[in-house]
Amino acid sequence: MEEKVVVPPGVWKTGRIELKSNVNLYLEEGAELHFSGNIKDYLPVALTRYEGIEVYSLGALVYADNQENIALTGHGRLIAPTTDCEIWKHQCSVSIEQYVE
């Protein structure tokens with residue numbers, strides 16, 4: 001059975017969204033998810049692959065690990081952080097390992 005999570009019209013501030021199995025995240029027309037640019041909103045770090053190498057990363061804005069039957073649907077918008085945020089400023093200058101326990 002699929003669960004439908006509906007985001008109504010409006011501006012919604014969020015950090016990472018982690019999808020679970022059998023969930024459809026539905027953005028209604030006029031819904032905007034504005035993603036934070038703060039590192040703390042994307043913790044814990046996630047093990048991922050970058051150019052074939054396993055690394056720890058803040059992960060994607062919308063993330064799922066070992067899940068199935070997931071969807072992101074609707075006519076709303078996903079708005080990424082601006083390039084003057086904490087994540088962008090530290091992207092190349094700080095090692096992500098400092099955030100790993």
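Predicted model: local features only at pLDDT ≥ 70, side-chain atom pairs only at ≥ 80, totals over all residues.

Biologist: In what sense do β5 and β10 pair, and over how many bridges?

Modeller: β5 and β10 pair in the parallel sense over three bridges. Two strands count as paired if DSSP finds at least two bridges between them, and strands are DSSP E runs of at least two residues, helices H or I runs of at least four, numbered from the N terminus. Residues are numbered from 1 along each chain as its sequence is written, and side-chain values use heavy atoms, with hydrogens and water left out.

Biologist: What makes β2 and β10 edge strands?

Modeller: The open sheet has three strands in the order β2-β5-β10, with parallel pairing. β2 (10-14) and β10 (77-79) each have a single partner strand, so one side of each is left without a neighbour in the sheet. Neighbouring strands of this sheet are turned by 20° against each other on average, direction ignored; the axes are lines fitted to C-alpha atoms, and angles run from 0 to 180 degrees between N-to-C directions.

Biologist: Which strands pair with β4, and over how many bridges?

Modeller: Strand β1 (residues 3-7) and β4 pair in the parallel sense over five bridges, and four bridges join β4 to strand β9 (residues 71-74), also parallel. L27 in β4 is the bridge partner of V7, and G74 in β9 is the bridge partner of L27.

Biologist: Why is S36 called buried?

Modeller: Buried means under 20% relative accessible area, exposed over 50%, and partly exposed in between, with a 1.4 Å probe and protein chains only. S36 has a relative accessible area of 14%, and is therefore buried. S36 lies in the loop between β5 and β6 (46-50). Leaving out residues up to four places away in sequence, S36 touches T14, G15, D41, Y42, P81 and I87, where contact means heavy atoms within 4.5 Å.

Biologist: How many residues of β4 are buried, and what share of the chain is?

Modeller: In β4, four of the five residues are buried, and the strand is mostly covered. Buried residues make up 23% of the 101 residues in the chain.

Biologist: What makes a set of residues a nonpolar core, and which residues form the largest one?

Modeller: A nonpolar core is a set of buried Ala, Val, Leu, Ile, Met, Phe, Trp, Tyr and Cys residues joined through side-chain atoms within 4.5 Å. The largest has twelve residues: V7, I17, L19, L25, L27, A31, L33, F35, I39, Y42, V45 and L58. The elements giving two or more residues to this core are β4 (23-27) and β5 (31-35), and β5 gives the most, with three. Beyond four places in sequence, I17 touches L25, L33, F35, L61, V62 and Y63.
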